[in-house]
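Q: Could you walk me through this structure, starting with one part of it and then moving on to the whole?

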Amino acid sequence: MRKQLYVAPMVSAFTLAMAACSSGGGGGGTPIPDPDFVSCQGSQCTLQGVIDENYTLTADREWTLRGFVRVGRGNESLDTSAAIAQAKADGVTLTIDAGTHVRAERLASLAVTRGSKINAVGRADAPITFSSAEDDDFAGEGEWGGIILQGFSRQFGKGDTGACDSSGQLCNVPGEGGPDVGFYGGSDVGDSSGTMRYVRMAEGGVAFDANNEINGLTLQGVGHGTTLEYIQVQGNQDDAVEWFGGTVNARYLVLTGNDDDDIDYDEGYRGNIQFVIAQKDPNKAAPTGGNDPRGIEANSGGSDFVSTTEAKIANLTLISGPISNSPNSAQPGALLRGAVKTDLINTAIKGYNGGCIRIQDAPSVNAVVNLVNVFGDCGGNYYFDARQADSSNVASAERGVSFDAACAITNGDAVLAAPVSVTAVNNGSGFQFTSTNYVGAVQPGTAANQAWWAGWTFPGTVTCNTAP
């Protein structure tokens, strides 16, 4: 398997001798031909098909994503233990260097399948960017698909049918996102799909039909061995990030201008999320198609009933926009349906005319919702058309909420008397929340150019201080 694009020359007598004997003649290293899934004209390169060996996208080339691109073949049906072992043995890694820009053609998507990994590690001064190939303004929507990670972690079947492997059968759960997505799932809650850090993506989202869409970042049965930190999803036509089961945690998410939900989890997801800015487009009047743009949607009711979905979310800032407040369909900031278990801690919700929080119980089971230091500014509707949460709602109430240029809350009482300690969802990861003594995603008093989101996100997309 090739580990990188080129074999670098080494200054040694052995290397010089080998170079003299090579088919390329003497003098420097011999370029390794690009594999079948890559075609290049100079520095302009296109990725398509199946990436079936280790490969690196470097920042000195211009990359185009064409069609449905798979990393590995783990989304095929794996019907025996031997097939699973082989998929893991054959797994490959797609490495993306800091500063690389990948432009996707219409309907193109990138899927990292079971057993394979993505190693996309940017930096604050050199983020990795995914966007549409149509232009470079980052202002479109639905111009390509998105990024899909598929893992061997558990998914729990709708109707509370249990884990996908509970009946002794191997997991091959059909994934949403069109005919090429294939299967995901397994029994390894600690499975790793790799690392994404300082990655930003814009202008994606494809709806093939109802309930069959590609989100900005789609997480299907992804295990907690995966690292997701400093990720932005901008202008996606469907959800920004959706968890389908799995156990992967996340920190430092910036979800801006997305047309449907910013955070969506279901099908037995068990995980932890901290430091999130989720802000709707302040200028878009109505959603595209039939979207219901909320900050959070967690489903476990009706035909989607699953008794094991559980998330803890801390230091979240949710800001609405006109898209969520149409007169006939005003949306809540967080819609928690059915049997979901959700804790919101040190969170600020602003501008959702449908209420800050709506708790919609299933007919025979209540959602378990605990709120600790949740500040709401939703037109007098802290709760909307539903019962209140189960906890004592410590310092949680309707009040005016405002933000500064750093996206830090400016309310004086948002700086708490003592840090809040949060016990994580026990998903096997050993995740530890950072203890904070403030409400919202950014510590009050932080300079705008020193905020954790500054410098690597799409310019002009974090504008909390302009929220009505």
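**A chat about strands and loops**

Q: How many bridges join β10 to strand β17, and in which sense do they run?
A: This is a predicted model, and in it β10 is joined to strand β17, residues 194-202, by 4 bridges, with the two strands running parallel.

Q: Which residue in β17 stands opposite alanine 120?
A: Alanine 120 has methionine 196 in β17 opposite it.

Q: And what about the pairing of β10 with strand β7?
A: Strand β7, which covers residues 93-96, pairs with β10 in the parallel sense, again over 4 bridges, and there threonine 93 is opposite lysine 117.

Q: OK, new topic: in what order do the strands of the 10-strand open sheet come?
A: The order is β3-β6-β9-β12-β20-β22-β24-β26-β28-β30, and the pairing in this open sheet is parallel. Its edge strands are β3 (50-51) and β30 (357-360), each of which pairs on one side only.

Q: Zooming out, how many helices and strands does the protein chain have?
A: The protein chain has 2 helices and 34 strands. Its radius of gyration is 23 Å, close to the 23 Å that the globule rule gives for 468 residues, so the chain is as compact as a globular protein of that length.

Q: What does the C-alpha trace span along its principal axes?
A: The C-alpha trace of the protein chain spans about 80 × 55 × 40 Å along those axes.

Q: Let's go to the loops: where is phenylalanine 138, and is it buried or exposed?
A: Phenylalanine 138 is in the loop between β11 (128-132) and β12 (147-150), and it counts as buried because its relative accessibility is 17%, under the cut-off of 20%.

Q: What is its phi?
A: The phi of phenylalanine 138 is positive, about 60 degrees, although this residue is not a glycine. In general, most residues other than glycine have a negative phi.

Q: Which loop holds aspartate 160, and what is its phi?
A: Aspartate 160 lies in the loop between β13 (156-157) and β14 (162-163), and its phi is also a positive value, near 55 degrees. Aspartate 160 is partly exposed, with a relative accessible area of 33%.

Q: Last one: what is arginine 399 in contact with, beyond its neighbours within four places in sequence?
A: Arginine 399, in the loop between β32 (397-398) and β33 (415-420), is in contact with Phe375, Gly376, Asp377, Asn411 and Asp413 once those neighbours are left aside.

How values were computed
Residues are numbered from 1 along each chain as its sequence is written. This is a predicted model: local features need pLDDT of at least 70, side-chain atom pairs count only at pLDDT 80 or more; totals for chains, interfaces and linings use all residues. Side-chain values use heavy atoms; hydrogens and water are left out. The radius of gyration is taken over C-alpha atoms; the globule rule is 2.2 Å times the number of residues to the power 0.38. Two strands pair if DSSP finds at least two bridges between them. Contact means heavy atoms within 4.5 Å. Buried means under 20% relative accessible area, exposed over 50%, partly exposed in between (1.4 Å probe, protein chains only).
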